[in-house]
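Work through the exercises below with the structure in view, and try each task before reading its solution.

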Amino acid sequence: MGEENMGEVKEKGGKSSALKRAGAPDSWATDTDRVPTIFDSLAEPVDALASDVDSDRPRARNLEALLDVSKAINSTLVLDDILKRVMRHAIALLNAERGFLMLLDDNGQLQVRTAHNINKETFTTAEDFLISRSVANRVAARGQSEYTSNAQEDPRYAHQQSVAELNLRFIICVPLKIKDTVIGVCYLDNQSRAGLFGKSDLRLFELFAEQAAIAIENAKLYERLLSLTRYNENVVNKTPVGICVLDYQLRILTFNAAAEQIFHAPEDTWTAGSLVQEHRLLVEILPPSEREWWDRTLTEVVRSHKPLAKDKYFITIGGCETVLSLKISPLNGIPGEPPKVIVVAEEITDQVMLEKYVILSEKMVAKGEMAAAIGHELNNHLEILQAHSELLPIHLRGSRLDKLSESCARIQDSIENMARFTRGLMDYTQIDTELVEHDIKDLVEEHLFTIRPLRLFSSVRFTCDFAPGLPPVKLDAGQLQSVLLNLYNNAVDATPSGETCAIHIQARHRSESQTVELSIRDNGPGIAPEHLTRVFEPRFTTKRGGHGLGLSNCRTIIQNHGGTIRVESTPGHGATFSIELPAHRPYSSFGS
């Protein structure tokens, strides 16, 4: 028919104001900057329509109606709401009796998403949903509008069963497009009158469809964004690893369930996400003794943009000593926004305990093998002693003086060999020292974590004071821990019965000598002045049953490390042993 018109929805890019409010990325939405241009095109109709502009629908009124509709459908990002608003405003805009909005599914098939009737708001019966499917499918396939003002007399539609059954007169169907991609169609029809609409109505409806397609696509993108956000939140909340995201001021932005358990955040501080809502600082929920290290470390990560990893971080939270594996990294956000920090914490207390038990078992096996080797060596010497001691009376009775002298010489040789062998076992200067770079704080805390469960130390009150930024030290961890264990044992042994042994451990950096000083102070009875100069002598002891080798061996080990050990004591006020070890690298204010 001469009134037939094919229109194409014009391309629009960028993002809508509604999606801007949702904070979606620029690349996720289409631009509404061309809305004034579209309105101008409506106010100045194209040549094909200029001859048929209805006098009862002035262009200014069309422009105002389209603007109102655009505002309405872009006022929400909920897809179902947008579909319903599009349909209601489409029917109102063109005074149609029925309207259907259909979107293409994943298989490219049109599916009715919403349908409205000017009289009944929504359809309820199967008959209500009867439409000219052929028209809708054609528009979706070609991406071009179809329009007829009197389907009963239009040869293109008059033969269609749905047109005859429904007595359809006016039909208008336009594609919903995003750029050149059809996402669905919007279909209107009327049964009561023919010739009710002019060609300008088609153009108006096409412009309306452009706005509707943008709103629908933005809503779909928002749904995907919301779904992805919920999915990520579920993943983060269900992971057994603690995840905490902080802003550049170190306030909590994200704090998952595992982090709540690891850091033992009081329930009244994180219920319903109040840690995030109240902009709490992470350091505020940590024990006071830990806050200085965390504040300094987090600040340095923000400043330097360099990550920090600690395989074992020992922390006492909620009265429990816990071992964490920590990774603190800068997190780049949206360009132009300040950086963030992500803290990933995994509790590895059980794993460390298991490792310690495995190592202890291996040491026990090694000790057993060593004991067997020592026993075998000593047994060889004892067999010689026994054999020649049994020969001595025989040689005496037989007056065999030459044999007697030989047996005595053999006995003397065996005794000397045994003495030399035992001296070698006790001489720590013969033990190889394997020097590896260590953090004194980590080494001491790991050792305390290992020995605290032992019955000997279960009632000992240990306290620690580590200066910030301690430089690393090259040492043999096993040998230094042996020294510490000896000092702890002596402190426990010296504590009078019925009193609680308290041991204070302090570490400081001596910049003038470039050493790290480690002090162990107890609350025992102290050391008598006349004994202070002799405590490191081999075989000097004041303990009943003591062998006097412990502190002597401690001094030997420290000297092997290029360090020194000294003692200070006032009777009745405990004793302080101070160990100084060379610092391996210059002083650092970060990461200790």
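**Helix packing and aromatic pairs**

In this predicted model, helix α16 passes α18 in a left-handed crossing.

**Exercise 1.** Determine how α16 and α18 are oriented to each other, and which residues make the contact.

*Solution.* Begin with the geometry: α16, which spans residues 477-494, packs against α18 at an angle of about 150°, and the axes are 10 Å apart. Angles over 145 degrees count as roughly antiparallel, and therefore α16 is roughly antiparallel to α18. Next, look at the residues in contact, which on α16 are Gln479, Leu480, Val483, Asn486, Leu487 and Asn490, and on α18 are Gly550, Leu551, Cys554, Ile557 and Ile558. Sorted by class, this contact holds 7 nonpolar and 4 polar residues, with no charged residues.

**Exercise 2.** Classify the ring pair of Phe536 and Phe577, and decide whether each residue is buried or exposed.

*Solution.* The ring centres of Phe536 and Phe577 are 6.3 Å apart and the planes stand at 90°, so the pair is edge-to-face. Now place the partners: Phe536 is in the loop between α17 (529-532) and α18 (550-560), while Phe577 is in strand β17 (residues 575-582), so the pair ties together parts that are 41 residues apart in sequence. For the last step, buried means under 20% relative accessible area; Phe536, at 10%, is therefore buried, and Phe577, at 7%, is buried too.

Methods:
Residues are numbered from 1 along each chain as its sequence is written. This is a predicted model: local features need pLDDT of at least 70, side-chain atom pairs count only at pLDDT 80 or more; totals for chains, interfaces and linings use all residues. Side-chain values use heavy atoms; hydrogens and water are left out. Rings of Phe, Tyr and Trp (its six-membered ring) pair if their centres lie within 6.5 Å; planes under 30 degrees apart count as stacked, over 60 as edge-to-face and the rest as tilted. Helices (H or I, at least four residues) and strands (E, at least two) are DSSP runs, numbered from the N terminus. Buried means under 20% relative accessible area, exposed over 50%, partly exposed in between (1.4 Å probe, protein chains only). Axes are lines fitted to C-alpha atoms, for helices over the stretch in contact, and angles run from 0 to 180 degrees between N-to-C directions. Angles under 35 degrees count as roughly parallel, over 145 as roughly antiparallel, 65 to 115 as roughly perpendicular and the rest as oblique. A crossing is left-handed if the near helix is turned anticlockwise from the far one by less than a right angle, and right-handed if clockwise. Contact means heavy atoms within 4.5 Å. Ala, Val, Leu, Ile, Met, Phe, Trp, Tyr, Cys and Pro count as nonpolar, Asp, Glu, Lys and Arg as charged, and the others, Gly among them, as polar.
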